[in-house]
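Please look over the model shown here, and then read the notes that follow on its surface, its fold and the confidence of the prediction.

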Amino acid sequence: MASYFRRKKITFWPCGFRISGDTIVLAAVYGPKAGSKKNESPEKASIEVLWKPKSGQIGKAEREYEMILTRTLQSIFLSTIHPNTTTSVIIQVMHDDGALLPCAINAACAALVDAGIPLKSLAVAICCGITESGSIILDPTKQEEQEMPAFAYLVFPNSSLAVLPGTPPLIEGEPVEHGIITSVTHGAMSVDDYFDCLDRGRVASAKLSEFLRKNLAQSQIPNHSSKAS
Amino acid sequence: MEQRLANIWRMSVNEKKFIENALLSDHRVDGRRPFDYRRLSLKFGSDDGTAEVQLGQTHVMGFVTAQLVQPYRDRPNEGTFSIFTEFSPMADPSFEPGRPGEAAVELGRIIDRGLRESRAVDMESLCVLAGKLVWAIRVDLHILDNGGNLVDAANIAAVAALLTFRRPECSLGGEDTQSVIIHQPEVREPIPLIVHHLPIAVTFAFFDDGEILVIDPTYKEEIIMGGRMTVTMNTNEDVCAIQKPGGQGVKQSEIMRCLRLASQKATDITDKIKKAVEAYDLERAQRKIRRHSSSSAQAACGADIKMSKQVVDVTQKKIDGFKIQSKDPMNQEEVESDTDLENSNTRGENNSFQQVDEIHGKMKSVNLFTGRPSSWHPYGKGITSLSTCTSSVALSAPRAMEAEKKDTVALERPNESKLEKPSVEATVDDSHTKEMSASVQQVNQKKSLKDAVKVKSRKKKKVASTMVGE
């Protein structure tokens, strides 16, 4: 526990590499801190998310994001290791250019890994949108999101590489690759379109998770020396 | 309750004594001298009015937004200015979410006094309709990392964000000139705020009964300091605000010394801020134009390009003959239309030119913004009078270029006013098909390079001749 008590890390996650604007979200993780939240059972660790918008009052939209993020992270969080503790994840929106929630989920996940909090798998989020012409685009900008009749935020567990080669990953009897952690849809889309989105999203998330793993692995090594202070 | 207290980090006695003893011999734990500031880095976001300040470990972000509201009854001609400080829990485990604590309120008040009550920001220019509508400027300061001396960093963030903020231009319209039209940034270039002077906060920490003083305390120094004083000054040596909330008593001579030091530091920091803001303004202006030129090179990139009228016109003037491909985010159809300057109707809706690769290569080398109008571009008498206008104003090179842009905008304004209504209604999200259909009446169909040669406009002819000449 001492190895990551009060281990704080701020991670920068730019989502969408565009000339005119990127969605940038800052995520920080504190914990595990003593005590669990009020209505939570002290038998397990709880996770709390604080969503800070760029400007303006905190309203219902921010509460919704917090709830979605909490539930998503709870599914990858190992709550039995440190009972009666709270891990806080604070999200600060720096710039919003579409696909804000997936960006935040990716940032939070990266922050948790960087803080050394043990996780079941990484949560990789992607936004799929369906245009008027019926084609599916990934990671739309804010303008595109507004124009699209429907879009969906999808969170997949990253394709796991089993620790021991040859052993299949087990999560409720289902192979990890086919699970969806979270799906939030906006607008109306046909069932077929939704399944298309899922397929595209899964493929994209595989790529994204590769990228994540590579970057996190690289960033872990030089950070050990700085974290000693 | 005990659980929350358990999460607060406490300093050990050994560490406290170590820092105090080091200060007795003028050493600070991070190696600075007593009157040195930590390294200041100032970055700006892609939006106007977004500033990120890092003062050592302290990390603060400032966002400026504006809204039209009703003015206060006793000040019907002035805009309003408000500061919101947010001590984000990510800055420090002891920061609680929810209502701002004492420290947050105090910080907000110091910055507010420095900026508003010293009249740094001009409020009367924010009035749109006296007694009815004024601009309300709101500054949100987010403390992202508490490394000590939040006031100074937050003040720099607020000042930098205010300097780079651009508010939308609005004009009075309607039958009785009572309705206000807010122009989209693509239609009319947004205007910067008028800032008369830059108040800079300098914080001092006192130790050892007021005998030892240091500037810019770190987190640990703040915990053991005996007293603190924040002086907000500007480069004209005006004291905008002083805050000394209790703590150890300090001699008058020491206070005067602090004020002198603060004045020096304020000048240093003001220079840094001004340099950073100038660099940002230059980059911003370049970005507006370069965006269109680079899009023609990267035909396959999915860049969203918002073509503004001004930019189109400025690009017309500055980058003659450069045909730019504009893109609809959804479908990448190439749209090309004639943009005859004299034909004011075309100026409104059409955006694009045909891509010409060989010219593009030339353009890249030329499009470096030396700040003078392009030599082969005879935009006629207009430019010469404009360039004399700009030369008469004492501006630095990047400012001159921006001013030139603005002046050229001013020139077009009478023509553009005709197009105000339709352009305002047309949102950026209009697909090109819509725009094309609107402009089809006024604009011609697809033209090739040959047509450019035939066009009546002097500008085009000259371009054609230079093209042919190459």
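## Surface and burial

In this predicted model, chain B has an accessible surface of about 22000 Å², and carbon and sulfur atoms hold 51% of that surface; such areas come from the Shrake-Rupley method with a 1.4 Å probe, and for residues only the protein chains shown count as cover. Of the 470 residues in chain B, 53% are buried, a term that stands for under 20% relative accessible area (1.4 Å probe, protein chains only).

## Fold and helix α4

Chain B contains 14 helices and 14 strands, taken as DSSP runs (H or I of at least four residues for helices, E of at least two for strands) and numbered from the N terminus. Among the contacts (heavy atoms within 4.5 Å) in chain B with a separation of 6 or more, 74% join residues 24 or more positions apart.

Helix α4 of chain B covers residues 150-164, and its end C-alpha atoms lie 21 Å apart, which agrees with the 21 Å that its 15 residues should span at 1.5 Å a residue, the expected span being 1.5 Å times one less than the number of residues. Of the 15 residues in α4(B), 14 are buried.

## Confidence

The model scores ipTM 0.73 and pTM 0.67.

## Conventions

Residues are numbered from 1 along each chain as its sequence is written, while chains are lettered from A and ligands numbered from 1 in the order in which they are written. Local features need pLDDT of at least 70 and side-chain atom pairs count only at pLDDT 80 or more, whereas totals for chains, interfaces and linings use all residues, and side-chain values use heavy atoms, with hydrogens and water left out.

Notes. Buried < 20%, exposed > 50% of the residue type's maximum accessible area, 1.4 Å probe, protein only.
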